[in-house]
Each structure stands twice: as C-alpha cells, then as structure tokens.
Amino acid sequence: QVQLVESGGGLVQPGGSLRLSCAASGMIFSADVMEWYRQAPGKQRELVARSIRDRSATVVDSVKGRFTISRDNTQNVAYLQMMSLKPEDTAVYYCYFRPNYRGTVEYWGQGTQVTVSA
C-alpha cells in the first residue's frame with residue numbers, strides 16, 4: 001500500500017541544479033527518517049543525505065555546500081535540492097523512509113536517474 005514515488009531527475013549540465021522529490025502515499029504520518037541514497041554504475045550505494053524529524057538535516061561531506069535535504073511533513077514529501085552539479089554526481093538516486101526512528105519498517109523509492117554531462 002505504501003509507495004514512495006520519486007521525481008525530478010534528468011539530464012543537466014555541469015554546474016546546473018535539480019530538485020528531487022519523494023512523495024509517500026498510504027502513510028498516515030510523515031516518516032521520522034527520510035534519506036537519499038545514490039548508486040553510480042559499478043559502485044556501491046551510498047548515503048548522501050538524511051533528515052530526522054525535529055532533530056537534524058544533514059548531507060555527507062562530498063556534497064556539503066551543494067546539496068540540501070528538506071521535508072514537508074504535512075505532505076509527507078522529502079526533497080533533495082542539488083546545486084553546482086558535477087559529473088561525479090551522476091547516479092540513480094533513491095529515497096528511503098522509515099516511519100519510526102526505532103522501527104524496522106522501511107520503504108524505498110523506485111529510483112530516479114540523474115545524469116550530469118556536458
């Protein structure tokens with residue numbers, strides 16, 4: 001029943017910007033934990049951003065100063081604002097929600113392709 005639907009990916013030139021969205025349906029309350037991961041061809045999936053309800057909104061060092069994670073608890077949506085994109089950012093981006101911080105139930109988005117190329 002619960003689904004995470006991602007949008008906002010696409011092809012962008014180096015230095016450009018994109019905003020990814022991840023909208024949850026079938027969930028009564030907004031998730032405590034909202035995260036963004038990415039996976040480039042031939043590489044392992046890596047965490048890029050994490051939002052914990054009323055606690056923190058952080059990104060990993062490799063994207064610090066360029067990416068921002070935010071949320072809309074009313075709409076149960078997570079966003080990843082990406083600026084100054086680099087070719088190294090090219091990957092499939094996945095969102096992840098965990099409704100309860102200490103819980104075991106978790107959901108993944110279908111992934112959205114971000115390609116940074118001239």
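Colleague: Which residues of β1 are on its covered face, and which on the uncovered one?

Modeller: This is a predicted model. In it, L4 and E6 make up the covered face of β1, while Q3, V5 and S7 are on the uncovered face.

Colleague: What does β1 pair with?

Modeller: Its partner is strand β3, residues 18–25. The two pair in the antiparallel sense, over five bridges. Q3 stands opposite S25 in β3, and V5 has A23 as its bridge partner there.

Colleague: And what is the strand order in that sheet?

Modeller: The order is β1-β3-β8-β7, an open sheet of four strands with antiparallel pairing. β1 (3–7) and β7 are the edge strands. Each has a single partner strand, so one side of each has no neighbour in the sheet. From one strand to the next, the twist averages 15°.

Colleague: What holds sheet strands together in general?

Modeller: They pair through backbone hydrogen bonds, either parallel or antiparallel.

Colleague: What does Q1 touch, apart from its sequence neighbours?

Modeller: Leaving aside residues within four places in sequence, Q1 is in contact with S25 and G26.

Colleague: And how far is Q1 from R53?

Modeller: Their C-alpha atoms are 23 Å apart in space. In sequence, Q1 and R53 are 52 residues apart.

Colleague: Change of topic. How many disulfides are there?

Modeller: The structure holds one disulfide. C22 and C95 form it, with their sulfur atoms 2.0 Å apart. The pair links distant parts of the chain, with C22 in strand β3 and C95 in strand β9, 73 residues apart.

Colleague: Which hand does it have?

Modeller: The disulfide of C22 and C95 is right-handed, because the torsion about its S-S bond is about 60°.

Colleague: Are those two cysteines buried or exposed?

Modeller: C22 is buried, and C95 is too.

Colleague: You mentioned β9. How many of its residues are buried?

Modeller: Seven of the eight residues of β9 (residues 91–98) are buried, so the strand is largely enclosed by the rest of the structure.

Colleague: Which strands does β9 pair with?

Modeller: β4 is one of them, antiparallel over seven bridges; in that pairing V33 stands opposite R98 in β9. β9 also pairs with strand β11 (residues 112–116), in the antiparallel sense over three bridges. There, V92 has Q113 in β11 as its bridge partner. Two bridges join β9 to strand β10 (residues 107–108), and these strands run antiparallel. Y96 stands opposite W108 in β10.

Colleague: Now E35. Where does it sit?

Modeller: E35 lies in strand β4, residues 33–39.

Colleague: Is E35 buried or exposed, and why?

Modeller: E35 counts as buried because its relative accessibility is 3%, and the cut-off for buried is under 20%.

Colleague: Which side chains make polar contacts with the side chain of E35?

Modeller: Y37 is one of them, with a polar contact of 2.7 Å between the side chains. The side chain of R50 is another, at 2.5 Å.

Colleague: What else does E35 touch?

Modeller: Not counting residues up to four places away in sequence, E35 touches L47, A49, R50, Y94, C95 and Y96. Among them is C95, one of the two disulfide cysteines.

Colleague: What is around the R66 side chain?

Modeller: The backbone oxygen of S84 lies 3.0 Å from a polar atom of the R66 side chain. For the backbone oxygen of S62, the distance to a polar atom of that side chain is 3.4 Å. Leaving aside neighbours within four places in sequence, R66 as a residue is in contact with Q81, M82, M83, S84, L85, K86 and D89.

Colleague: And how far is R66 from Y101?

Modeller: The C-alpha atoms of R66 and Y101 are separated by 26 Å. Along the chain, the two are 35 residues apart.

Conventions
Residues numbered from 1 in each chain as written. Predicted model: local features only at pLDDT ≥ 70, side-chain atom pairs only at ≥ 80, totals over all residues. Heavy atoms only, no water. Contact = heavy atoms within 4.5 Å. Polar contact = N/O pair within 3.5 Å; in protein donor to acceptor, adjacent residues only side chain to side chain. Buried < 20%, exposed > 50% of the residue type's maximum accessible area, 1.4 Å probe, protein only. Pairing = 2+ DSSP bridges. Axes fitted to C-alpha atoms, helices over the stretch in contact; angles between N-to-C directions. Disulfide = S-S within 2.5 Å.
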